[in-house]
Amino acid sequence: MGRMTATDPQPPAREVLDRVGPRLRALRRARQTTLAQLSAATGISVSTLSRLESGGRRATLELLLPLARAHQVTLDELVDAPATGDPRIHPRPTVRDGVVFLPMTRRPGGPRAYKMIYPPCTPTCPPDQRVHEGYEWLYVLSGRLRLVLGEHDLVLGPGEAAEFDTRTPHWFGNPDPAPLELLSLFGPQGERMHVRARPSAAGGPAGR
């Protein structure tokens with residue numbers, strides 16, 4: 001009854017869940033991570049992690065989500081689910097301070113890609129430079145981007161890119177009365193994007 005046939009292209013859910021334990025152990029060992037280290041990263045007890053890997057504890061979404069983040073894989077990769085063959089991403093937009101964020105990556109860890117849409121400028125809001133861990137790369141699709149980076153005040157146009165360590169005080173926004181669209185790659189642990197762009201003459205300083 002439980003065997004697959006030619007008309008049953010995917011394994012039953014029970015078979016997929018039964019493979020989770022060995023898959024978790026293989027991922028942890030491949031990353032040379034101890035159960036104690038994984039417990040500290042996920043908040044899941046060592047005993048629960050051990051039982052998950054041995055098959056003594058059934059995997060649940062509540063347990064799999066933090067494990068996927070810790071191993072920097074998707075849930076599908078974590079359970080070794082059959083590939084759907086569809087690489088398309090269907091982003092769910094979020095809005096923060098009037099800016100629309102469209103996630104372009106599905107991986108829960110590592111560098112993240114976003115398309116960002118800024119509304120027309122709000123002249124009464126002065127630049128509020130922030131500092132945090134990470135490394136960021138920006139590419140302007142349309143409109144103009146004002147980037148205040150340390151002591152530098154720059155304006156980038158379509159086709160121009162900027163790359164910087166986010167431990168440098170920075171702020172960026174839309175200086176124009178038209179929408180701004182850009183792509184952003186952000187490495188939360190400071191991963192460099194290995195992308196370089198030389199500014200054109202049109203992207204000079206906007207003032208200090």
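The side chains of Asp 176 and Arg 144 form a salt bridge, with N and O 2.8 Å apart. A salt bridge here is a side-chain nitrogen of Lys or Arg within 4 Å of a carboxyl oxygen of Asp or Glu. Asp 176 sits in the loop between strand S8 (170-173) and strand S9 (180-187), and Arg 144 sits in the loop between strand S4 (135-142) and strand S5 (145-149), so the pair ties together parts that are 32 residues apart in sequence. Helices (H or I, at least four residues) and strands (E, at least two) are DSSP runs, numbered from the N terminus.

Is Asp 176 buried or exposed? Asp 176 is buried, with a relative accessible area of 17%. Arg 144 is partly exposed, at 37%. Buried means under 20% relative accessible area, exposed means over 50%, and partly exposed lies in between (1.4 Å probe, protein chains only). Leaving out residues up to four places away in sequence, Asp 176 touches Pro 120, Cys 121 and Arg 144. Such a contact means heavy atoms within 4.5 Å.

## About the model

This is a predicted model: local features need pLDDT of at least 70, side-chain atom pairs count only at pLDDT 80 or more, and totals for chains, interfaces and linings use all residues. Residues are numbered from 1 along each chain as its sequence is written, and side-chain values use heavy atoms, with hydrogens and water left out.

## Other salt bridges

How many salt bridges does the structure hold? The structure holds 7 salt bridges. One of them pairs Glu 53 with Arg 25, with the closest N and O atoms 3.8 Å apart. This pair links distant parts of the chain: Glu 53 is in helix H4 (residues 46-54), Arg 25 is in helix H2, and they are 28 residues apart. Glu 53 counts as buried, at 6% relative accessibility. Arg 25 is partly exposed, at 24%.

Asp 153 forms a salt bridge with Arg 146, and here the closest N and O atoms are 2.6 Å apart. Asp 153 is buried, at 9% relative accessibility. Arg 146 is partly exposed, with a relative accessible area of 25%. There is also a network: salt bridges that share partners join Arg 25, Arg 28 and Glu 53.

Which residues of helix H2 (residues 20-30) are buried? They are Val 20, Gly 21, Leu 24, Leu 27 and Arg 28. These residues cover an arc of only 130 degrees around the axis, which puts them on the same side of H2. The arc is taken from the directions from the helix axis to the C-beta atoms. An α-helix has 3.6 residues a turn, so residues three or four places apart point the same way.

On the other side of H2, Arg 29 and Ala 30 are exposed. Just after H2, Gln 32 takes a positive phi of about 55 degrees.

## The sheet

Six strands form an open sheet in the order S1-S2-S3-S9-S4-S7, with antiparallel pairing. Two strands pair if DSSP finds at least two bridges between them. The edge strands are strand S1 (94-96) and strand S7 (161-165), and each pairs on one side only. Neighbouring strands of this sheet are turned by 25 degrees against each other on average, direction ignored. The axes are lines fitted to C-alpha atoms, for helices over the stretch in contact, and angles run from 0 to 180 degrees between N-to-C directions.

Within the sheet, strand S3 (residues 112-118) and S9 run antiparallel, joined by 7 bridges. Lys 115 has Leu 183 in S9 as its bridge partner.
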